[in-house]
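Dear colleague,

Please find below the structure that I am handing over to you. My notes on what was found in it follow.

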Amino acid sequence: MKVAILNLTNGGLSGGYIKYLESMLPYFIETYNENLFVSLPTNTNIDLISKFSFENLYLTDNYKSDKSLYNSLSSFDPDVVFVPSSRIFNFNNKPVITIKEG
């Protein structure tokens, strides 16, 4: 299975969100490895990026207007898209899992 994790934020990551990624990403990397696509905001803490080895890492400033994100996703062709940041996202009739804010 190919999994895309899209961290769709307005340009940054809070400390809590970074801790969430630090606990979640190792599982996805271990389980899916080259079948994993991860999108992060461009100004993401470099320590977070260097801590993990992503084969398919995509950095974006504004996901709403970033057509190359959609092109990269199309090339990757995920089976499922996971959006932990509670943003609405539709992609080629693929299943999208979104964490709803409480």
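Contact, as used here, means heavy atoms within 4.5 Å. Helices (H or I, at least four residues) and strands (E, at least two) are DSSP runs, numbered from the N terminus. The model is predicted, so local features need pLDDT of at least 70 and side-chain atom pairs count only at pLDDT 80 or more, while totals for chains, interfaces and linings use all residues. Residues are numbered from 1 along each chain as its sequence is written, and side-chain values use heavy atoms, with hydrogens and water left out.

Helix 3 comprises residues 67–76, and its buried residues (under 20% relative accessible area, 1.4 Å probe, protein chains only) are Leu69, Leu73 and Phe76. These residues lie on the same side of helix 3, because they cover an arc of only 60 degrees around the axis; the arc is that of the directions from the helix axis to the C-beta atoms. Strand 1 (3–6), strand 2 (36–41) and strand 3 (56–60) are among what covers them. On the other side of the helix, Lys67, Asn71 and Ser75 are exposed, that is, over 50%. Asp77 follows helix 3 and has a positive phi, near 55 degrees.

Asn7 counts as buried because its relative accessibility is 1%. Its side chain forms a polar contact of 2.6 Å with the side chain of Tyr17 and reaches the backbone oxygen of Ser39 at 3.0 Å. A polar contact is a pair of N or O atoms within 3.5 Å; within protein, one must be able to donate a hydrogen and the other to accept it, and residues adjacent in sequence count only if both atoms are side-chain atoms.
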